[in-house]
Amino acid sequence: MSAHDLAALVPLVILTVTGALCLLLEVTGVPVGARKLAPRSHIVWCSELGLAATALVLLRLFARADQPALAFAGALRLDRFGLGLGLVVCVAAALAIPVAVGFLRSRDLDRGEYYATVVFAALGMIALALAADLVFLFVALETTSVAVYILAGIDRRSSRSPEAALKYFLNGAFASGILLFGVALCYGATRSTAIGALGPALRGGDGALLASAGLLLVLVGLGFKVAAAPFHMWAADAYDGAPAPASAFMATAVKAAAFAALIRVSVNAQIDAGSGWISAGWIIAVATMTVGNLAALAQRRVKRMLAYSSIAHAGYALGGVVAAIGGHTPALGAVGFYLLAYTLMTTGAFGVAAFFERADGAGCSHDEWAGAATRFPLVSLAMAIFLFSLAGVPPTAGFLAKLNLFACMIDGGFYWLAFVGVLNSLLSVYYYLRVLVFMYMRDPDPQLAGHGGAFVGAGLAIAALAVLLVGLLPGTMLDLAAQLRDVAPG
Amino acid sequence: MPTMRTYADSGLYLIPLFPLIGALLWGLFGKKLGRTVVSWLAPGMVFLAASEATLAVLRLYRLGLKAEDPTFIGGWVGARLEQVLYTWIGVADLNLDLVLRVDPLTAVMLMVVCWVSFLIHVYSVGYMAHDEGYWRYFSQLNLFVFAMLVLVMGGNLPVLFIGWEGVGLCSYLLIGFWYQDQDKAQAGLKAFVVNRIGDLGFLVGMFALFGLFGTLDFGGLESAVQAVADVDRTIAGGLFAGYTVRGVLTFACIALFIGACGKSAQIPLHVWLPDAMAGPTPVSALIHASTMVTAGVYLCLRLNFLFSLAPTAMLVVAVVGGVTALFAATIALAQNDIKKVLAYSTVSQLGYMFLAVGVGAYGAAIFHLMTHAFFKACLFLGAGSVIHACSGEQDLRQMGGLHEKLPITFWTMALSTLAIMGFPLFSGFFSKDEILWLAFASPRGHWLLWLLGLLAAGLTAFYMWRLMLMTFSGETRGLDEHTRTRLSESPLSMAGPLLALAALAAVGGFVGMPAYLPGLSEWLGVPFVNYFAHWLDPQWVTAAAHPGASDLFAAAGGAADLALTAHGHAIEGGLMGSAVAVGLGGALLAFALYLRQPAALTYRVPKLPVVGGLYRTLLNKYWVDEVYGVCPVGAVRVLARFCARVLDDIVVDGLVTRVPPFMLRVTGSAVAWLQNGDVQRYLSFIACGLAILLYALLRGGGP
Amino acid sequence: MVPIGHYLVLAGTLFAIGAAGVVSRRNAIVALMSIEIMLNAAILAFLAFARLHGDLRGHAMAFFVMAVAAAEAAVGLAIVVAVFRRRATVNLDELRELKG
């Protein structure tokens, strides 16, 4: 076992232990020192500490990863790209846990299982972001998926949550099947399962067609996870039906990790700029952002609107991926930065939805949020920040991330992609600000209630401040993002 | 003389940090902390900032001396302290730092802003003691100091602009501090709107400079200017192809000057400042007299190396400044609201500063900025003390006879009035005299500009003594019985700052004594040194050394002295004498007319035939507000109505209200059809998508 | 020896049958079983290629997939049970509360 193997193992072991501890603490009951805390606060703290420790280790590895290294015989690749997106996953999980607490308590779901599942899912996602081998990628993806299916269906007494979980599961398992078959074809074509082996195989030789078919199936499987059109349709139902805090996590962390894998596979395939792959890629990107935005326009439920909005954002990010595949390396950093901004604002927005959500998905429609600003001024302010950021209004993180991403598309020569992206994000302003019109300019609905608490407040406040801070002082983050440029084989 | 060296300094951030902390604390927890804590700590935060600033200036002083001759007279070459707090954007062609910088010019501004702010904070503790919004007030006042410090310390135009907008915001908030009063809220809005017009100029100028030089950093601009040997060269390519560098600079400088006009209330954007008196009086003293309104002057001085190369722009500045000085002084003659008189006086004095900038007398401009901050802050605080004593009465015709009841207020205001009228050896004398002399003698000056200033000086003396006499002499006229019996001097927290500012107004001018003072230097037998000008000399080196500005500066030796060789000391002495005479004449006229029956004139004059019409014109401020009400505002209103009818009804209502429902219906039904809830439909879409992609792949025959 | 092409055709057919099953069968349990068929098709392809390459990794992969498929099936069945408890049906056509 080399030093790199150990280094790669540390974050994964920390998360495994953390998840196990969360389960254990549920069974053992409250330790003496934590008697005075609210019930199960110690489990929240345990998971948060585990995630923080993981993030620190990832940061340390990030700092030392100027020379990327392979670990475990090529199963993982410790490079800044994977570690950076692993950090985004940590951020998503660390924010999604506190914003969930209020809702979970109100539905009596506040159990160790929930937190453990989030932590295990994060484990799978970090592995997915680092995976350099298709077998490892598949296992990591399944670890992630199985955990996330559970989260979607965690509210068993609701009628919506299990339905969402079943739909998500059927679609997800179907896509996994496609991906696995693709892996088999790749293996057949290259006699290897290393992602790095794909590129040479595609260049020619007997296995070229087999390899490209395999690559296509793998990309479709991953495209499903990032909710790219036409593989996106599950996302609306899953994010809308799942409890909002679970949606907050699913819509962000899963996407970050799946984008990492998608980019790693597609960039390593070394596709010729100008080939049909690129055209297919940007058609899918345009379709994804447009379909997401148009569908979001028609929504009357905030939560479902956010679900479609997450599809639209996946479309923008896919545009960046296309630019990266086309050979424009800075697009990798732009996508990474975009995913960070997207994670902050979407976790926050779904977190606010979790604040208001009641049994069976009630409390999540525009009408129910009418006048929320008068009754919950701080939460409404946070929501305003998230929505402005989602709409891409300066000085928020969302604005800079979009600017950076579109600039990369233009630099990469994808003018039309950038143009459609800008049009789409203009369109999106309408439905984001519509929510604010309801919250700030309607008479209050006396029915509206929220489940606050220190964790929820802290989670929302941190997300909102981070959105503003990244928007106002983006230099550090942009510098870090600029280092996410190396996913090449080796 | 080389340009100043730059030294890294890690302590500069502390200067704006303290007021920022204060603003946040009082804004968030003011009520919990209580009045006592806020009363001590709000001025305390500014005191800490002022102390840090003073230490920074001392560091600057030490670093700015030559190693071989560490004396101020011989070895002062100036220096810059710099702290980069954050790199916003650091890509190749655009480098934007959040950077603070202190150089001799900033040092003067720092001292003025910090210490005057501190005194006015102390004063406010007494003045606002019974106000409901005590915490809000100090939060906003601290925030103002923060923004003003960012403005003066910003090392590039964007940072300066952040401060610029920040002070504008605080000004807006504080003018409308008593926002329940519709008129006062309206005044805040007016200030905001007029300043937006100016800001447009600022932004245009900023973009023009960026287009020309590719940088907005002051140091970067300076080196860029130095690199342009021939300013009349035609630019070959890029945004400004076909224009000369001087032409673009003239354009940029005039655009920036429009921004400065907005902030510093120069014609034609002066209309907001008198209305801004709706705010609490200490706010008027701090923001609308001594600090924020001078930001426009500071901007021009900061970019002096650009203005020096654009004589046309400087002519515009000088003419606007000179005309404003006279124009506003005439309006001040007829105002009856004590604060309105002082407001127009401020506009007029700011006109002097721009006059100085326009003739290249940069040192004189900032010198007058400083002395004006002292005496005008003192006058405003004195007026506040009077208003405080008179239970909110601001009409001069109702006052009178207050000198016995308010002795401290009277004597401090009297000293400041002597200063503003330019009474010999008071601070205003030195600064105003320097401006008038250079307006006449500078290579870019003109005797007409001097005449504008001279007339304004006479009027200044007249309206200030009119104000003083109507307030303090004779019998008390209007106040009700209750107020009369309770008339008394303000508490110590208010009197203290008054005394300090009056002392500064009286003797503060000695730091900038002119090298030539008729008789005095011969009599004393020592040559005078203008310490103030000497301190600032390194600031003008870039401009002075540039061949494009050789007409303005004496190129010999590269010293930053204006080319004054054409005029002798005799003329300087003569001009000084005439200025003093005019000032005294104005004062004597005021005494003659107002000493006996201070208010009688204001009732009698309007009935006189010709003078009455003139008086009404002045009283109504030349009907500028009315003209604006018809022309720009009315036109905008018509345009707005047009927009409401045409754009709103047809375009917005048509496209946004009517088409979206249509569009929403279409997308809604499309989505409802696609996403009908059937999971197997979703699965078939995946399968179909996959099939199409596979087909495309096989059709294409592989990768 | 059976040529590799035959194995691949079999695997592809199995995969298509599974996919068709998931898309068309209304019973959630049957859909679940169809997914298992898809995974098995992939396993078959792995084994065929392993044999072709004379490489053991394909065999190892088969075990990985079986383990993963078991976990997936467990969670899937649990979800179906949860749906059945609340809605008293496992017919996919009737699960249409989430739509639009």
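Me: What makes the charged end of R302(B) count as sitting over the ring of F218(B)?
Reply: This is a predicted model. The charged end of R302(B) sits over the ring of F218(B), 5.4 Å from its centre. The distance cut-off is within 6 Å, and the charge must also be within 35 degrees of the ring normal.

Me: Which ring does the charged end of R35(B) sit over?
Reply: That of Y134(B), with 4.8 Å to the ring centre.

Me: Why is the aromatic pair of Y134(B) and F138(B) called edge-to-face?
Reply: The centres are 5.1 Å apart and the planes are at 75°. Centres within 6.5 Å make a pair, and planes over 60 degrees apart count as edge-to-face, so the name applies. Both residues lie in helix α4 of chain B, 4 residues apart, about one turn of the helix. Y134(B) and F138(B) are both buried.

Me: Why is the pair of W465(B) and F591(B) tilted?
Reply: Its planes are at 40° and its ring centres 5.2 Å apart. Stacked needs under 30 degrees and edge-to-face over 60, so a pair in between is tilted.

Me: What does the pair of W465(B) and F591(B) tie together?
Reply: W465(B) is in helix α18 and F591(B) in helix α24, both of chain B, so the pair joins parts 126 residues apart in sequence.

Me: How do you know whether W465(B) counts as buried or exposed?
Reply: Its relative accessibility is 10%. Buried means under 20%, so W465(B) counts as buried.

Me: And what does F591(B) count as?
Reply: Partly exposed, at 30% relative accessibility. Exposed would need over 50%.

Notes: Residues numbered from 1 in each chain as written. Chains lettered and ligands numbered in written order. Predicted model: local features only at pLDDT ≥ 70, side-chain atom pairs only at ≥ 80, totals over all residues. Heavy atoms only, no water. Phe/Tyr/Trp six-rings, centres within 6.5 Å; stacked < 30°, edge-to-face > 60°. Helix = DSSP H or I, 4+ residues; strand = E, 2+ residues; numbered from the N terminus. Buried < 20%, exposed > 50% of the residue type's maximum accessible area, 1.4 Å probe, protein only.
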